[in-house]
Amino acid sequence: MARANNLRLKFSPVLQPCIAGVDPGSNNVSTAIDDPSEYLAWIFQMPETDLVTHVGLRFYSSTNAPTYRVSLRSVGDDGVPLDTIITSASFTPENSWGGTFQWIELASPYLASRGQLISIVVSYLSGSIGPSNNSSISVNSSNAANHRFGLPYAIRYSGTVNKTFNHPVWALKSETRAYGIPLKSLVTYTLNSPEQAGLRFRFEPGFGSSFSLKGIVTELSGAASGSGKSFDLVLYDATSELDRVTFLCDIVQDATDACILQIFFGASPPTLSFGKEYFIAIAPNEADTACKLLGLSVENATDMTAWPGSSSFYSVERAISTDPWTRLKTERPRIDLIIDDWTSG
Amino acid sequence: MADFKMMRIGLSPIDYTPIFPYASQAGNGKFLDGAADYVEWRFQAEKTTTITKLGFRVGLTTGTPPTYRVSIQGITGGVANGVVAGFGNFTPPLSYSDEDWQGHWIWVNISPASITQGNYYAMVIDYVSGYVSLANMIEIEFTLSGTNFRHFPGATTGSQLSSSHPIFGLKDSEGEVFGNPLRVSYDYLGAIDLPHPREHAIAFTLPAGFGTEFKIAGIQIIGEMPTGADATTFNVTLYDGELVIGQTTMHTGVPHYGSHGNWGGNSYIFLFNESTLAKLVFGRQYYISVRANSAAMASLSWTHFLTPDSDDHEGWPGGQYFHMATRDTSAQATDEETPTEWQQDFSKRPICEFILSEWGGPGYNVDGAHLKFTPAWNDNVLIQHADDQINNTPNVGDYEPHESFGVPIGNCIESYSGYLTVEVFANPDAERTENSLIVNETDIQDLKVINLEPWEDGVYELVFRLRAKYSSPYYKEVTRFLRVIT
């Protein structure tokens, strides 16, 4: 068998390609640890059995911060980290860490088991701490107003345990791959004709022999930026165009809101091969379109191994259709693939 | 090729795809109480076909409703252009009559309309004739309520597409359903059936043809897990029939709990904690269930959608391959206790998605036993007979290496129904005593060809005890009989 790398097989009748407003850069999703009694925690199950060497933290800001301790701990029956530390590391954030994602190496690696309930805890260790001496860490996603996450989840402790319903931003790393949501920031691809932006994808060769792509579900903003505008959804392999369909922006009749679009290619989609790379791009047909493709980014390309499909799926863009693709291996656009047919070997 | 039935490969690391979280059980309604009122759904044809029925969800009807028309039209300038490809008129019954229109899904026969895959169309309901007013009209529930996105496919009662997910359906001359037919946008399991907790599952089959084997690391579920007040646990379990092949047990206090209210539920990702995930095979039905381990739990729920009719499931990604199953059981299934059989409910789909660990192919078909054995001497007839039991006969010939003593049987059997290990008993008694054990528990793929002692004429019984993990109390036994043919 081939590793599926936690690809999601989706069969909901309702479309949602990914979360909106996941912005770890927003102040309201970050919490400053500015009192010795406070801590932040993330509760989750370990995705695979692996030797954990690093914990990942996304910093919103850091100003003359004290030394903190990050630890792995078991979780009590009440869903709160236990006091006993499995392994830990101390770190002193630099002022330049604001807006960056940092991997903190644990003093000793820990072999965590698949499905094990475990927690990451960040707490004060030593040094001056207060309103002018602290780091603010991105705890969870922003704008989960319509969405509630019960597991994994994050905890803010400041005298009382406060479990959050927003999606937690947690991350672990072993020598070979990352886990969790090592999320750095939102990204936006502003498309002005003839620019193209989209997804490079490659399924593992062991998945089968051939498949075809029926269409995509994607999230765009400004998809209907004025009367008579349109954009094309184009499928390429390494050398040539394989399929194309035009989306009429007037169908949406809205210039600014984010849109979730399910777009099909026409009849007889081409047969594609596993193990081979393809590109699916949004290509506006007018220069003044405000159409934007949305995406997410990580700090390092290897961090993408934590995301469904691992490093085989990332963003691409180019100025004109004859240019080579610029490969953005630390970014992933908000695109889900709708498969038409799938054939085993 | 195997039809993927609109299933999607999700790539987002942060994903609430399985749920439409802020949808109320009722949809957004439009009163068609004026002659100029209409509801319009815009969509792309998913397939080149001939549509013969159009479907929609009704809210209220009042008084003596007039006659309306539901039609498929072309698109010009992004909106319905009045060029009708097919239509049907309908007159809702009197609002006080006993016919089931209010709050129900309605299919209306239309004149056949040919649509082409990838082309854009509109489905429109508008007024035709009769007295129409607030007291004599129909309400169409045309979208789910409340999200922050505009959607395509989408619905509108004006020009701009709604920011909510559309509810509409098309059925072709072959009975295949398209669109998004939802009888109820979501529903809850409600309180656990005390004192015997009911077990709710998604029954699923990944179609044969996709590959040979796959593994599921976990599942994302939308629902409401129990509170932690009563210090009990619940299980999320992967079953092959009634056999447990994956499980995680969670204390009620761990998941962040919250009443779903209008939220449709909370999102939970549960991962199985087996050191080795069970291998699953395509074309075979499995279940992933949520079950309370205490009758004290009264709030465990799994949000789900309801289709108008069971066969309307085909309009949803995955078609009939994904639906709800339930059973009553007083305790975890064990060898000693036989739970009731799974009851299949094709009208419901639990809201969830799978997290795939591995996906396999190419390979042989997996349908039935993949057990190979050979006698002490290579009797050609027996070898041929054994080969017949392997669904890869082109690759298995007489006297091939794996038919020699000590050679791993390997791939010939490693896919057996998702099991991992095997013990082999020869002519065992009912207790399977060690006297009859001829192969200790080992990985199935490491099972080697063995020499059996020459036997007397007659039946020779071999029992293969299969487990999804080592020393599991749950196992399945497969019996094979050998007989010398001379």
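**View 1. Leu94(B) in the loop between two strands of chain B.** In this predicted model, Leu94(B) is found in the loop that lies between strand S7 (79-90) and strand S8 (105-115) of chain B. Leu94(B) has 15 C-beta neighbours inside 10 Å and therefore counts as partly exposed. Between the C-alpha atoms of Leu94(B) and Glu423(B), which are 329 residues apart along the chain, the separation is 68 Å. Where contacts in chain B join residues at least 6 apart in sequence, 74% of them link residues at least 24 apart.

**View 2. The open sheet of chain A that runs from S6 to S12.** Six strands of chain A form an open sheet in the order S6-S5-S8-S3-S11-S12, and their pairing is antiparallel. Strand S6 (81-91) and strand S12 (161-163) of chain A stand at the edges with a single partner strand each, so that one side of each is left without a neighbour in the sheet. From one strand to the next, the twist averages 25 degrees. Within this sheet, strand S3 (residues 39-45) of chain A runs antiparallel to strand S8 (residues 117-126) of chain A, and the two are joined by seven bridges. On this pair of strands, Trp42(A) is placed opposite Ile120(A) in S8(A).

**View 3. Val122(A) and the largest nonpolar core.** The largest nonpolar core comprises 192 residues, and those with the most contacts inside it are Leu40(A), Ala41(A), Val122(A), Ile280(A), Ile282(A) and Ile202(B). When residues up to four places away in sequence are not counted, Val122(A) touches Ile33(A), Tyr39(A), Leu40(A), Leu57(A), Tyr68(A), Val70(A) and Ile137(A). As for chain A as a whole, buried residues make up 55% of its 345 residues, and its secondary structure consists of zero helices and 27 strands. Of the contacts in chain A with a separation of 6 or more, 79% are accounted for by residues 24 or more positions apart.

**View 4. The contact between the two domains of chain A.** Chain A is divided into domain 1, covering 27-183, and domain 2, covering 187-343. The C-alpha centres of domain 1 of chain A and domain 2 of chain A are 33 Å apart. To the contact, domain 1 of chain A supplies nine residues and domain 2 of chain A supplies seven residues. On the side of domain 1 of chain A that touches domain 2 of chain A, strand S14 (residues 178-180) of chain A gives the most, with three residues. Sorted by class, that side of domain 1 of chain A has six nonpolar, two polar and one charged residues.

View 5. Strand S24 (residues 314-318) of chain A pairs with S25(A) in the antiparallel sense over three bridges, and Glu317(A) has Thr326(A) as its bridge partner in S25(A).

Methods: Residues are numbered from 1 along each chain as its sequence is written. Chains are lettered from A and ligands numbered from 1 in the order in which they are written. This is a predicted model: local features need pLDDT of at least 70, side-chain atom pairs count only at pLDDT 80 or more; totals for chains, interfaces and linings use all residues. Two strands pair if DSSP finds at least two bridges between them. Helices (H or I, at least four residues) and strands (E, at least two) are DSSP runs, numbered from the N terminus. Axes are lines fitted to C-alpha atoms, for helices over the stretch in contact, and angles run from 0 to 180 degrees between N-to-C directions. Domain bounds come from an automatic or database domain assignment. Ala, Val, Leu, Ile, Met, Phe, Trp, Tyr, Cys and Pro count as nonpolar, Asp, Glu, Lys and Arg as charged, and the others, Gly among them, as polar. A nonpolar core is a set of buried Ala, Val, Leu, Ile, Met, Phe, Trp, Tyr and Cys residues joined through C-beta atoms within 7 Å. A residue is buried if 20 or more other C-beta atoms lie within 10 Å of its own, exposed if 12 or fewer, and partly exposed in between; C-beta atoms are placed from the backbone.
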